[in-house]
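Colleague: I would like to learn how to read a predicted fold with care, feature by feature. Could you take me through one, giving the general idea and then the case at hand?

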Amino acid sequence: VTGASFVVFNGALKTSSGFLAKSSIVEDGLMVQITPETMESLRQALRDQKDFKITCGKMDAGDLKEYVDICWVENEEKTNRG
């Protein structure tokens with residue numbers, strides 16, 4: 001689990017790169033590089049206020065995967081305080 005001050009979603013990852021998606025720490029935030037198709041799915045999930053999971057890593061890496069989970073919570077007051 002990684003805490004971050006901000007998240008950047010970059011929808012320019014090419015399918016030919018061999019990655020499902022890539023995540024990296026940038027300053028005190030997180031950058032997630034995704035394909036344009038995944039970006040459109042993410043946008044729709046945000047509009048619909050639905051949870052969304054992004055699988056990061058090489059396409060042929062087997063079980064070695066990282067996940068970026070976007071989760072909606074019931075009570076905002078207890079999260080992101082300060």
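Modeller: Let us start with contacts, where contact means heavy atoms within 4.5 Å. Among contacts in the protein chain between residues at least 6 apart in sequence, 39% join residues at least 24 apart. Please keep in mind that this is a predicted model, in which local features need pLDDT of at least 70 and side-chain atom pairs count only at pLDDT 80 or more, while totals for chains, interfaces and linings use all residues. Residues are numbered from 1 along each chain as its sequence is written, and side-chain values use heavy atoms, with hydrogens and water left out.

Colleague: How many helices and strands does the protein chain have?

Modeller: Helices (H or I, at least four residues) and strands (E, at least two) are DSSP runs, numbered from the N terminus. On that basis the protein chain has 1 helix and 5 strands, and the elements run β-β-β-α-β-β from the N terminus on.

Colleague: In what order do the strands form the sheet?

Modeller: Two strands pair if DSSP finds at least two bridges between them. Here the 5 strands form an open sheet with mixed pairing, in the order S1-S3-S2-S4-S5. Strand S1 (7-10) and strand S5 (66-70) stand at the edges with a single partner strand each, so one side of each has no neighbour in the sheet. On average, neighbouring strands of this sheet are turned by 35° against each other, direction ignored; for such angles, axes are lines fitted to C-alpha atoms, for helices over the stretch in contact, and angles run from 0 to 180 degrees between N-to-C directions.

Colleague: Where does helix H1 pack, and which strands does it touch?

Modeller: Helix H1 (residues 36-47) packs on the sheet and touches S1, strand S4 (52-58) and S5, with its direction making about 160° with that of S4.

Colleague: Which strands run parallel or antiparallel, and over how many bridges?

Modeller: S1 and S3 pair in the parallel sense over 4 bridges, and Asn10 has Gln33 in S3 as its bridge partner. Strand S2 (residues 19-26) and strand S3 (residues 29-33) run antiparallel and are joined by 5 bridges; among them, Ser23 is partnered by Val32 and Ser24 by Met31. S2 also runs antiparallel to S4, to which 2 bridges join it, and Ala21 stands opposite Gly57 in S4.

Colleague: What should I look for in the turn of the S2 and S3 hairpin?

Modeller: The hairpin has 2 residues between S2 and S3, and Glu27, in the loop between these strands, has a positive phi near 55° in a residue other than glycine. Gln49, in the loop between H1 and S4, likewise has a positive phi of about 55° although it is not a glycine.

Colleague: Are Glu27 and Gln49 buried or exposed?

Modeller: Buried means under 20% relative accessible area, exposed over 50%, and partly exposed in between (1.4 Å probe, protein chains only). Glu27 is exposed because its relative accessible area is 74%, and Gln49 is exposed at 54%. By contrast, Ser41 in helix H1 is partly exposed, with a relative accessible area of 38%. Over the 82 residues in the protein chain, buried residues make up 20%.

Colleague: How many disulfides does the count give?

Modeller: A disulfide is a covalent bond between the sulfur atoms of two cysteines. With a disulfide taken as a pair of cysteine sulfur atoms within 2.5 Å, the count comes to 0 disulfides.

Colleague: Which charged residues lie over the rings of Phe19 and Tyr67?

Modeller: A charge sits over a ring if NZ of Lys or CZ of Arg is within 6 Å of the ring centre and within 35 degrees of the ring normal. Lys22 lies over the face of Phe19, at 4.9 Å from the ring centre, and the charged end of Lys53 sits over the ring of Tyr67, 4.5 Å from its centre.
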